[in-house]
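Here is a short briefing to read with the structure open beside you. Take it one topic at a time and look up each residue as you go.

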Amino acid sequence: MIEVEKIELGVVNMFRVNMGVKPGEKILVVTDFPTAEEWRTKPSSKLLDALRRSILAKMVSEIATKNFPECTVEFFAYPSVGKHGTYPGRDVEEKMKAADVVVAITTYSLTHTDARVNACKAGARVASMPMFLPEMFYPGGPMAADYQKIAEETKKIAKMLSEAKKVNIKTETGTDITFSLEGREGKVDAGMFRERGSWGNLPSGEAYIAPVEGTANGKVVVEAGWYPDLKENMILTFKNGYVIEISGGGEVGNRFRDLLALEKSEQPYVSRRNLAELGIGTNPYAKRPDNVLEAEKIRGTVHIAIGDNSHMGGKVESDIHEDFIIPRPTLTLDDKLLMKNGELLI
């Protein structure tokens, strides 16, 4: 059960502070719901989680209607697309393009889709909130952080990423990967989407960049508990920018071995293996390791992603974008330490 009294203040602050809603604007709250196929194949716990998120989106639209009477508020639900970064359909895109403010409380991310890109080109301000949980609106949750301070620190880190040519990430559990950032621009996701066409995640707090394609070599250890349902470590091995081996990971590992089909050399599998992103978390109120949306914002973590990076300054288009969090990392930009065992050194 979601208690409206516990989330209402956080929701109102989101529209006022993060989205900068003005009288007369059109607000769209969009969500996805399980398909008939997902009702047949997914466990009840996953269905309940998705349905709870859809109900939360409906409640957010009702709170917006109540608290912003000078705005037009629309709620729109569409069938799940089953993967993060998959295009949700023309009807969703048209709804998003027609809005001034879009709040997407979905199970599968719209961030790296043409629907989000074209909505922003049309002027919409978009908050992408995949896997969002009601508790994130509570006092002390990641939505209650000081986003002005987060913006200041995140901009500094993004500038350092833009100036770096090479990055190395190591952990005591075995991650050791190096790749090039040369010529790429570090970007800021600080949770303030008040300008026309701006977008990002909520909760927010990360500096991110698209690595140069074809340059990543090494291993990333995704630790148990740091990806939904991951009960044993999963190791991704990269060569010349692409995943060439996935070991461990149990059922989660099996899902990614099927998704990437490493024995096949055709699309869409090849582009799914691309090292797509480096991100650095900057939200001190983010805590949950098993929720990717919140975990990638935890101050003192970094994350990498595979798949699409065409919407963030890279060159690879893919039908997926999957993030993996790396806790307690040591991160070196060229020869300068930016983070040591999870401690930011700026």
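Over the ring of which residue does the charged end of arginine 116 sit? That ring belongs to tryptophan 199, and the charged end of arginine 116 is 3.5 Å from its centre. Please keep in mind that this is a predicted model.

- Helix 5 covers residues 114-121, and its buried residues are Ala115, Arg116, Val117, Ala119 and Cys120.
- Arg116 is therefore one of the buried residues of this helix, as a residue counts as buried when its relative accessible area is under 20%.
- Just after helix 5 comes glycine 123, with a positive phi of about 110°.

**Aromatic rings**

- A pair of aromatic rings is described by two values, the distance of the centres and the angle of the planes.
- The structure holds 5 aromatic pairs.
- In one of them, tyrosine 227 and phenylalanine 256 have ring centres 5.7 Å apart and planes at 75°, so this pair is edge-to-face.
- Tyrosine 227 counts as buried because its relative accessibility is 6%, and phenylalanine 256 counts as buried because its value is 1%.
- Phenylalanine 256 also forms an edge-to-face pair with phenylalanine 324, at 5.2 Å centre to centre and 65° between the planes.
- This second pair again links distant parts of the chain, as phenylalanine 324 is in strand 15 (residues 321-327), 68 residues apart from phenylalanine 256 in helix 7.
- Phenylalanine 324 is buried, as is phenylalanine 256.
- Together, Tyr227, Phe256 and Phe324 make up one aromatic cluster.
- Arginine 255 lies over the face of phenylalanine 256, at 4.8 Å from the ring centre.

**The largest pocket**

- How much space lies in the largest pocket? The answer is about 1,200 Å³.
- Its lining has 48 residues, and those nearest the pocket centre are His84, Tyr108, Tyr227, Arg255 and Glu322.
- Among the elements that give two or more residues to the lining are strand 1 (26-33), helix 3 (44-67), strand 8, helix 7 and strand 15.
- Helix 7 gives the most to this lining, with 6 residues.
- By type, the lining divides into 18 nonpolar, 12 polar and 18 charged residues.

- Glycine 10 is in helix 1 (residues 4-18), and it counts as buried because its relative accessible area is 14%.
- Although glycine 10 and tyrosine 138 are 128 residues apart in sequence, they are 6.5 Å apart in space, C-alpha to C-alpha.
- Serine 61 has its place in helix 3, and its relative accessible area of 5% makes it buried.
- Apart from its neighbours within four places in sequence, serine 61 is in contact with Val29, Val73 and Phe75.

**Backbone details worth a look**

- Most residues other than glycine have a negative phi, and most peptide bonds are trans.
- The peptide bond from leucine 202 to proline 203 is cis, with omega near -5°, and proline 203 lies in the loop between strand 8 and strand 9.
- Glutamine 267 and proline 268 are also joined by a cis peptide bond, with omega about 10°; proline 268 is in the loop between helix 7 and helix 8 (269-272).
- Aspartate 229 has a positive phi, near 70°, and is in the loop between strand 10 and strand 11.
- With 46% relative accessibility, aspartate 229 counts as partly exposed.
- Asparagine 341 has a positive phi near 50° and lies in the loop between strand 17 (336-340) and strand 18 (343-344).
- Asparagine 341 counts as partly exposed because its relative accessibility is 41%.

Key:
Residues numbered from 1 in each chain as written. Predicted model: local features only at pLDDT ≥ 70, side-chain atom pairs only at ≥ 80, totals over all residues. Heavy atoms only, no water. Buried < 20%, exposed > 50% of the residue type's maximum accessible area, 1.4 Å probe, protein only. Helix = DSSP H or I, 4+ residues; strand = E, 2+ residues; numbered from the N terminus. Phe/Tyr/Trp six-rings, centres within 6.5 Å; stacked < 30°, edge-to-face > 60°. Lys NZ or Arg CZ within 6 Å of the ring centre and 35° of its normal. 1 Å grid on protein atoms, 1.4 Å probe; cavity = no way out; pocket = protein on both sides within 12 Å on 5 of 7 lines; lining within 4 Å. Points joined across faces, edges and corners; volume = space filled by probe spheres on them. Nonpolar A, V, L, I, M, F, W, Y, C, P; charged D, E, K, R; others polar. Contact = heavy atoms within 4.5 Å.
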